Amino acid sequence: MNRRALILLGAMLLPGTSGAAEGLARCAKLENVDERIACYDELARATEAPSGGPIEASPTPSHLSEAWKLGAKHGDARRLTDILGYRPTYIITRWTSDPNEQPGSPAPGHDAPAPQDLDSNEIKFQISFKVELVSRRAFDQLGVTPLLGHIGIDSVRLWFAYTHLVNWQMYNTEASRPFRETNYEPEAILSFGTGNEGDGFKLVNLGLVHQSNGQTEARSRGWNRVYAQGGWEWNRVSVLARVWYRLPDSAEDDDNPDVTDYLGNGDLVVRHQTAGGYVSSLLVRRRFVQLDWATPLLVALGAARLHVQVSSGYGETLIDYNHKQTTIGVGVSFGNW
């Protein structure tokens, strides 16, 4: 019997807890993971056995199930206005060990003409979200899901995701506080859920992604990829492993022909969230690693999280794909990621 069932059983059997079943249903409806954990904890404390000991600890929520709306309880169609978090959304003040004052590329005409006067400190912010384009119910009605059921797939969804990353030289008054780099990254993601309610293999994502920085001539960078990603989960640890193939550009259109030499052909994201809501996420890529750590949602910060980010290696941003540096940043992040 799972933990949620034990809490419900205790709520029905113990005197004075007739409203606990309704409380459990209320907790299950909460979209925010931290709020749902706190709700279950409160319910568990309220349904203690006569001896004073708790019936059972609050159930461990599945991050991947919530993030990608896997499982039967997420079978309803979602609207385009139902915006979900994708990657971390944050704003931090960031320091670098080596500002990239003269970014270059082996593509013809892509050497920066003169060094820039950059500050080691800058503001970095990222906005990242996803919305459902085609629902699980639509794929069910088309007969796609029943067909894939023979190979262990119980749900299919099509998502649109977008990540917007900006590095702003806000402290650089001598250069009029320029925006040093902006990365645009739209994605189409076809997501397949395995129906696994326990630990182990949860989903497969197939994606098409474009990333560019919107610059011209020497500072222009960009590439297109298709990828396959698997998702696994064990208790409070989730793992997303991805491999990609770069779609080739013509020689005259390729701004960064050696980009995979630095950014590789895949990445790995390992995430852990404590019972108290502290989140750690480790991104590992060829010649690059980034650690993000955040507190639970804090009312004092307007329901934001205190956020710390440390990175080292090549490719923190697209203009820096072949530039090595170590960065440290502190700020706030928002929502679940």
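Predicted model: local features only at pLDDT ≥ 70, side-chain atom pairs only at ≥ 80, totals over all residues.
Residues are numbered from 1 along each chain as its sequence is written, and side-chain values use heavy atoms, with hydrogens and water left out.

**Exercise 1. Get an overview**

Task: Find how many helices and strands the protein has, and what share of its residues is buried.

Solution: 
- Start with the elements: there are seven helices and 13 strands. These are DSSP runs numbered from the N terminus, with helices being H or I of at least four residues and strands E of at least two.
- Next, take burial: 48% of the 337 residues count as buried. Buried means under 20% relative accessible area, exposed over 50%, and partly exposed in between, with a 1.4 Å probe and protein chains only.
- Finally, look at contacts, meaning heavy atoms within 4.5 Å. Among those between residues at least 6 apart in sequence, 60% join residues at least 24 apart.

**Exercise 2. Explore the largest core**

Task: Work out which residues touch the most other members of the largest nonpolar core.

Solution: 
- A nonpolar core is a set of buried Ala, Val, Leu, Ile, Met, Phe, Trp, Tyr and Cys residues joined through side-chain atoms within 4.5 Å.
- The largest has 21 residues, and Trp68, Tyr86, Ile189, Leu203, Trp223 and Tyr227 touch the most other members.
- Elements that each supply at least two of its residues include α4 (63-68), β6 (200-212) and β7 (222-234).
- Now zoom in on Trp68: beyond its neighbours within four places in sequence, its contacts include Tyr86, Ile189 and Leu203, as well as Lys130 and Arg157.
- Apart from this core lies another, of five residues, among them Leu148 and Phe192.

**Exercise 3. Follow the strands**

Task: Trace how β8 (237-247) pairs, and with which strands.

Solution: 
- Two strands pair if DSSP finds at least two bridges between them.
- On one pairing, β7 and β8 run antiparallel, joined by eleven bridges. Val226 has Tyr245 of β8 as its bridge partner.
- These strands form a hairpin with two residues between them, and Asn235 in the turn has a positive phi of about 55°.
- β8 also pairs with β9 (residues 266-273), in the antiparallel sense over seven bridges.

**Exercise 4. Inspect a buried arginine**

Task: Find which side chain of opposite charge is nearest to Arg221, and how far away it is.

Solution: 
- Locate Arg221 in the loop between β6 and β7.
- For charge, Lys and Arg count as positive and Asp and Glu as negative, while His and the chain ends are not counted.
- Not counting residues up to four places away in sequence, Arg221 touches residues including Pro103, His110, Asp255 and Tyr321.

Notes. Salt bridge = Lys/Arg side-chain N within 4 Å of Asp/Glu carboxyl O.
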